[in-house]
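Visitor: Hi, I'd like to talk through this model with you. Could you start with a contact you like and go on from there?

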Amino acid sequence: GLRLTHEGGTNVMVTIDAEGGRIVFRLLGPETSFGDVFWIAADGSGAPEPLVTSEDTDEFSTSVSADGRTMIFSRILDPGPNTHREVWEVPLDGDSTPTPLLQSQFAYGNASLPPDGRWLAYFSDESGVFEMYLQPYPWPGAKTPVSIGGGG
């Protein structure tokens, strides 16, 4: 196999972009529970580059759009007993400024785009328990619950 990273910490949540040219991964610092999102060429050329970083939140990639132009990621605030989760997106070409997709007093996570890229699947606790939802992507559009009695 080809080793792509040599940094300390833990590499988890690997996502391959639509054309297979870049691998997006979470790098967990050796002295912190926070992780940041990096990417690297799939052929191992070059060094990992930061894509989404923050000193006080934990981020990990959950999906890349079918056209390879957008990454969906979870941002976790206050890791621990008061964990709060949000879903964000970041362009993979041009301006790489992250923007929130699902952000409120409720928790959101595990957002995924299917191959057709028309829907975003995610979980939320807005009903009082975690349930799965589908929502048109990109917005606008009404969300549709797709689980009954809990889902994640």
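Guide: Happy to! Let's begin with the side chains of Glu59 and Arg75, which meet in a salt bridge with an N to O distance of 2.9 Å. Glu59 sits in strand S5 and Arg75 in strand S6 (residues 70–77), so the pair links distant parts of the chain, 16 residues apart. Keep in mind that this is a predicted model.

Visitor: Are Glu59 and Arg75 buried or exposed?

Guide: Glu59 is buried, and Arg75 is buried too.

Visitor: How many salt bridges does the structure hold?

Guide: Three. Another one joins the side chains of Arg69 and Asp93, at 3.3 Å from N to O. Arg69 is in the loop between S5 and S6, while Asp93 is in the loop between S7 and S8, 24 residues apart. Arg69 is partly exposed because its relative accessible area is 46%, a value between the 20% and 50% cut-offs. Asp93 is also partly exposed, with 39%.

Visitor: And which side chain does Glu126 meet in a salt bridge?

Guide: That of Lys143, at 3.2 Å from N to O. Glu126 lies in the loop between S10 and S11 and Lys143 in the loop between S11 and S12, so this pair ties together parts that are 17 residues apart in sequence. Glu126 is partly exposed, with a relative accessible area of 24%, and Lys143 is partly exposed as well, at 37%.

Visitor: Let me zoom out. What elements does the chain have?

Guide: There are 12 strands and zero helices. Of the 152 residues in the chain, 40% are buried. The accessible surface is about 8,100 Å², and carbon and sulfur atoms account for 53% of that.

Visitor: What order do the strands S5 to S8 take in their sheet?

Guide: The order is S5-S6-S7-S8, in an open sheet with antiparallel pairing. Strand S5 (57–64) and strand S8 (99–102) stand at the edges with a single partner strand each, so one side of each has no neighbour in the sheet. From one strand to the next, the twist averages 35°.

Visitor: How many bridges join S7 to S8?

Guide: Three bridges join strand S7 (residues 84–91) to S8, and the two run antiparallel. Within that part of the sheet, Trp88 stands opposite Pro100 in S8.

Visitor: How many residues of S11 are buried?

Guide: Five of the six residues in strand S11 (residues 131–136) are buried. S11 also has the highest mean pLDDT among the elements of the chain, at 95, whereas strand S1 (residues 10–16) has the lowest, at 55. The chain as a whole averages 81, and 81% of the residues score at least 70.

Visitor: What does Arg118 touch, leaving out residues up to four places away in sequence?

Guide: Gln135, Pro136 and Tyr137. Arg118 is in the loop between strand S9 (108–112) and strand S10 (119–124), and with 54% relative accessibility it counts as exposed. Its C-alpha is 5.8 Å from that of Pro136, although the two are 18 residues apart in sequence.

Visitor: What is the phi of Asn110?

Guide: It is positive, about 50°, although Asn110 is not a glycine. Asn110 sits in strand S9 and is partly exposed, with a relative accessible area of 36%.

Note on methods: Residues are numbered from 1 along each chain as its sequence is written. This is a predicted model: local features need pLDDT of at least 70, side-chain atom pairs count only at pLDDT 80 or more; totals for chains, interfaces and linings use all residues. Side-chain values use heavy atoms; hydrogens and water are left out. Helices (H or I, at least four residues) and strands (E, at least two) are DSSP runs, numbered from the N terminus. Buried means under 20% relative accessible area, exposed over 50%, partly exposed in between (1.4 Å probe, protein chains only). Accessible areas come from the Shrake-Rupley method with a 1.4 Å probe; for residues, only the protein chains shown count as cover. Contact means heavy atoms within 4.5 Å. Two strands pair if DSSP finds at least two bridges between them. Axes are lines fitted to C-alpha atoms, for helices over the stretch in contact, and angles run from 0 to 180 degrees between N-to-C directions. pLDDT is the predictor's confidence in each residue, from 0 to 100. A salt bridge is a side-chain nitrogen of Lys or Arg within 4 Å of a carboxyl oxygen of Asp or Glu.
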